[in-house]
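This report goes through a few local features of the structure shown below. Please keep the sequence and the model side by side while reading.

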Amino acid sequence: MEASTSSGAADSDDLNSNLDDETTPDIKETTSHAVDDLLPILKKYVGVFFMLFSIWFMGYCGFSSSWVFMIVIVLLLREKATKRKEVKLLVARQAVTSERQVIEAAVQELPSWVYFPDTERAEWLNKIVKQLWPFIEGYVTDLLKETVEPSVQEALPSYLKSFRFEKIKLGRYPPRIGGVKVYTDKVARDEIVMDLELFYAGDCDIEISFKTLKRIKAGIQDIQLHGTLRVEIKPLVNIMPLIGGMSFFFLNKPATDFNLTNLADVLDIPGISGILRNIIEDQIAHFLVLPNRIPVSLMEDVDLTSLKYPMPEGVLRINIVEARNLMKMDIGFLKKGKSDPYVVVEVGAHKFKTKVINNTCDPSWNKYFEVVVFEKLGQTVEIDLFDKDADKDDPMGNLSLDIDHISQAGSLDSWLPLEDATNGELHINLTWLSLSHTMNDLNVQLAQCRHIESTMGELVSSAILIVRLDSAKDLPTSKKSSSLPSPYCLLSLGHVEHKSRIIVDNSSPVWEQVFHFLVQDPNVQSLDVTIKDSKKDKSVGVLNIPLRRVLSQPDFVLEQPFNVDHSGPQSRLFIRLCVRALEAAPKKSKMSVSDPKAFMVVRKSESVSSVNVDEDDDEDDNDNTLETDADEHVFNGNHNGIEDLMMNDDNANTELRKRHLDSTKSLQALYPYGRLQLSLSYSKARSKLTVLVQKATQIIGVNSDRTSNAYVRIYLMPDKSSRHKTKVIKKTRNPIFNERFEFHCSESNLSDAYLDVCIKNSAFLSVSTTCLGKVEIPLNSMDLSTGNSDWYVLQKDEEDDSISRISAS
């Protein structure tokens with residue numbers, strides 16, 4: 001009996017243990033799920049608690065409720081900006097990895113090889129860059145550590161001298177080269193000059209730090225960059241590797257964008273972020289934008305200094321005279337419709353600004369600026385007008401002028417219409433000054449400078465001083481500690497001061513740097529050089545060199561070791577000084593008189609991605625994306641006068657899009673019904689004719705505000721087998737369509753076919769539409785296998801008399 005009871009108990013225990021073993025995993029899993037579900041709830045209510053506590057605390061302390069609204073608005077603006085950046089970065093990366101699909105998706109910002117006849121697509125070069133990208137990262141890391149980091153440390157105040165790069169990762173996305181242009185004219189026999197259109201939308205991660213109470217870290221991620229990179233390969237030699245050296249630089253400031261991380265991300269809010277980004281962009285320009293360049297020596301005999309500091313090509317004197325009929329930006333209930341305009345001028349890394357003229361649309365500045373030009377081929381003068389406001393300055397138009405054309409003409413003094421503005425003109429006077437080493441040219445320029453000073457009250461330069469700071473020897477050491485100095489030089493002439501780099505712990509430093517000074521009168525001015533020890537910020541020697549000593553030397557060059565005053569008994573400074581007079585060249589081109597607009601070029605889009613996906617962008621920003629250059633061929637129109645001069649000018653710079661139309665009246669005389677830009681291509685395999693309707697300019701305005709609601713209608717003739725039309729672009733005389741259509745046409749019928757294209761005005765509640773202009777394009781006269789992009793002159797529609805009455809009015 002007891003045995004049976006014990007055996008029953010044992011069986012019961014086994015059963016319970018089996019049940020426990022079977023149910024334990026389910027119970028554990030259920031418990032873990034409950035815990036996992038509890039964590040989000042806890043996080044949510046902890047966040048709610050802190051939010052409610054913050055509101056109670058602000059009320060307890062008596063803070064105004066406006067602080068809550070202000071914080072919410074700042075957070076919303078930051079969230080919106082972050083999402084916009086993410087979209088731009090995503091599209092930019094897609095453009096880098098799959099260019100063809102992105103081009104087909106959106107065509108408003110095509111790479112330069114699509115439309116520039118002298119710019120070539122170089123996919124082989126992109127493949128090489130992709131293979132080299134991991135090795136380029138090592139070079140960039142060394143460059144930032146050895147060159148950029150010390151330079152930034154010098155520029156920062158003493159409490160931020162602990163600046164350093166913590167992490168440098170360029171990521172897995174290499175830059176993409178959109179097009180390559182190699183110059184064959186105006187280059188020396190022993191050099192190769194080419195421009196690369198560079199797109200970069202990488203996933204790089206660069207982290208910096210400062211040591212205060214503890215090391216503070218900040219960083220930059222996801223840099224986007226778009227600009228024209230100039231590559232100079234020189235000198236070419238007759239021994240391997242045939243190339244003596246190379247130099248890289250941007251002709252003008254590239255368009256950049258980036259995201260901030262760590263401490264810098266805290267400052268990425270409206271107002272502060274703009275200031276921070278301008279500082280970072282200026283540092284990028286300090287190393288990469290002309291006159292700054294990155295030299296690479298490939299042979300021992302090549303002087304690296306000559307690659308980094310070439311001789312200037314000349315000086316450009318810019319006189320911003322006045323403006324008229326500017327846009328009225330300040331319009332309100334109590335305002336009369338005025339503006340507060342000022343002008344910003346940029347040439348490479350140089351930036352100048354005029355004063356603000358309040359409450360006027362016809363300001364007068366009469367301000368002079370001068371800039372040393374090292375590369376006139378391909379470089380432009382960027383002029384922007386802004387209306388000064390308390391929060392954000394409003395753009396009022398811009399101009400881009402080709403320096404190479406100005407140097408050929410000698411000068412430009414004209415009124416020019418502003419781009420990206422509904423109205424307004426700017427009066428500018430540009431003078432190209434070449435370099436001379438004769439006393440006669442110096443005297444002529446001195447007389448002109450005195451005339452400008454007496455009449456305009458502006459000080460301008462008559463000469464340029466080129467200083468090559470080579471080295472110093474036997475500088476004094478500290479008597480107490482016998483430690484070596486860490487010297488640098490301060491070179492000053494007038495109000496301009498340049499600082500050399502610091503050579504650490506060396507009494508015989510070698511700088512090998514070149515500095516440029518614009519000189520008003522070399523007969524009375526002098527160069528002051530102060531050698532300082534950066535450890536104690538104490539002078540260890542001074543030197544004063546009157547420039548008249550240089551003028552007394554052959555070829556205006558003085559090179560010798562100079563004894564240093566207030567220094568050691570054997571201290572010497574090795575320096576070379578060269579003075580060049582500024583010579584105003586005579587006018588060499590008729591364009592300076594007959595067609596001032598020939599100097600204007602279309603400014604490249606400032607978007608850093610190859611495709612613009614921001615739907616909030618202004619329409620004016622898209623007006624400059626697809627313009628033709630001086631080599632455009634216009635069918636159905638007679639070329640004469642100014643048009644022929646520009647198209648036959650072998651010296652015309654076809655790198656950038658040129659504005660070569662006359663004044664408004666001349667424009668209407670040349671193209672009374674406007675022009676239309678189309679791109680045509682034919683696929684034999686698909687038997688399809690593709691027509692890309694891009695944009696139209698200066699079409700007739702039929703509305704009350706002198707604009708039109710335009711669309712394009714296309715027939716494939718002679719049988720009218722297909723008909724397509726674009727969407728309507730309202731209230732403009734320069735509509736941008738960017739729409740693609742396909743027509744089925746066999747290759748045998750292509751020789752007899754032509755396109756009947758008409759721009760029409762869409763009127764509300766109107767049975768008939770007005771034809772603003774039409775053109776017939778024969779397809780047998782062009783090669784469609786490789787694509788053809790052109791402007792076509794619109795003609796009057798003989799069947800519609802209404803357009804004649806509108807044009808005459």
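## Terms and source

A residue is called buried when its relative accessible area is under 20%, exposed when over 50%, and partly exposed in between (1.4 Å probe, protein chains only). Helices (H or I, at least four residues) and strands (E, at least two) are DSSP runs, numbered from the N terminus.

This is a predicted model, in which local features need pLDDT of at least 70, side-chain atom pairs count only at pLDDT 80 or more, and totals for chains, interfaces and linings use all residues. Residues are numbered from 1 along each chain as its sequence is written, and side-chain values use heavy atoms, with hydrogens and water left out.

## Helix α9

The buried residues of α9 are D441, L442, Q445, L446, C449 and I452. They lie on the same side of α9 because they cover an arc of only 135 degrees around the axis, taken from the directions from the helix axis to the C-beta atoms. On the other side, N440, V444 and S454 are exposed.

Among the elements that cover the buried residues of α9 are β9 (314-324), β12 (364-373) and α10 (547-551); contact means heavy atoms within 4.5 Å. Just after α9, G457 has a positive phi of about 75 degrees.

## Confidence

The predictor's confidence in each residue is its pLDDT, from 0 to 100. The chain has a mean pLDDT of 77, and 74% of its residues reach 70 or more. Over residues 589-593 the pLDDT is below 50, and this stretch has 14 contacts in the model beyond near neighbours in sequence.
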